[in-house]
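Look at the sequence and the model below. Let us walk through the structure step by step, starting with one side chain.

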Amino acid sequence: MTETKTRARPAAVALTGNAEERIAKLMAAAPEGAIGVRLSTPRRGCSGLAYSVDYVTEEQKFDEKIETPGGTFYIDGASVLYLIGSTMDWVEDDFAAGFVFENPNAKGACGCGESFTV
């Protein structure tokens, strides 16, 4: 009988240290009942899909779950295929602050960076 071995698969999205620190800050200020933050890709903008990060109060069956030092990060199950291999970073400068995504699946984006196509 052949033994089947399983191995842990890598997370769909890699989080930089800055992104993990931002998740920790979000969770420190989270509303009551929040269990983590969730990344999803709702249909929005002129290119079709957008990135959205929101508090989550309930784990969904098909969410991908990533434990970070500052809290739990979820990826919406319906969005995982659009995000595999992506890197999520938190960037701040004098004029703006926000999550930035390097997504190898994105084939194009709108001029303002609000949305992307796959």
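Lys65 is partly exposed, because its relative accessibility of 44% falls between the 20% and 50% cut-offs. This is a predicted model. Which side chains meet Lys65 in salt bridges? One is Glu59, with 3.4 Å from N to O. Another is Glu67, at 3.7 Å from N to O. Both pairs count because a salt bridge needs a side-chain nitrogen of Lys or Arg within 4 Å of a carboxyl oxygen of Asp or Glu.

Glu67 counts as exposed, because its relative accessibility is 53% and the cut-off is over 50%. The general idea behind such pairs is simple. Side chains of opposite charge can pair when their charged atoms come close.

The structure holds 3 salt bridges. Another of them links Arg38 and Asp63. Here the closest N and O atoms are 2.5 Å apart. Are these two residues buried or exposed? Arg38 counts as buried, at 16% relative accessibility. Asp63 is buried too, with a relative accessible area of 13%.

Now turn to the strands themselves. How many strands form the sheet, and in what order? There are 4, and they form an open sheet in the order 5-2-7-6. The pairing is mixed. Strand 5, residues 52-56, and strand 6, residues 64-68, stand at the edges. Each has a single partner strand, so one side of each is left without a neighbour in the sheet. From one strand to the next, the twist averages 25 degrees.

Strand 6 pairs with strand 7, residues 71-75, in the antiparallel sense. Their pairing runs over 5 bridges. In one example, Glu64 has Ile75 in strand 7 as its bridge partner.

Helix 1, residues 17-28, lies across strand 2, strand 5, strand 6 and strand 7. Helix 1 runs at about 125 degrees to strand 2, which spans residues 36-40.

Methods
Residues are numbered from 1 along each chain as its sequence is written. This is a predicted model: local features need pLDDT of at least 70, side-chain atom pairs count only at pLDDT 80 or more; totals for chains, interfaces and linings use all residues. Side-chain values use heavy atoms; hydrogens and water are left out. Two strands pair if DSSP finds at least two bridges between them. Helices (H or I, at least four residues) and strands (E, at least two) are DSSP runs, numbered from the N terminus. Axes are lines fitted to C-alpha atoms, for helices over the stretch in contact, and angles run from 0 to 180 degrees between N-to-C directions. Contact means heavy atoms within 4.5 Å. Buried means under 20% relative accessible area, exposed over 50%, partly exposed in between (1.4 Å probe, protein chains only).
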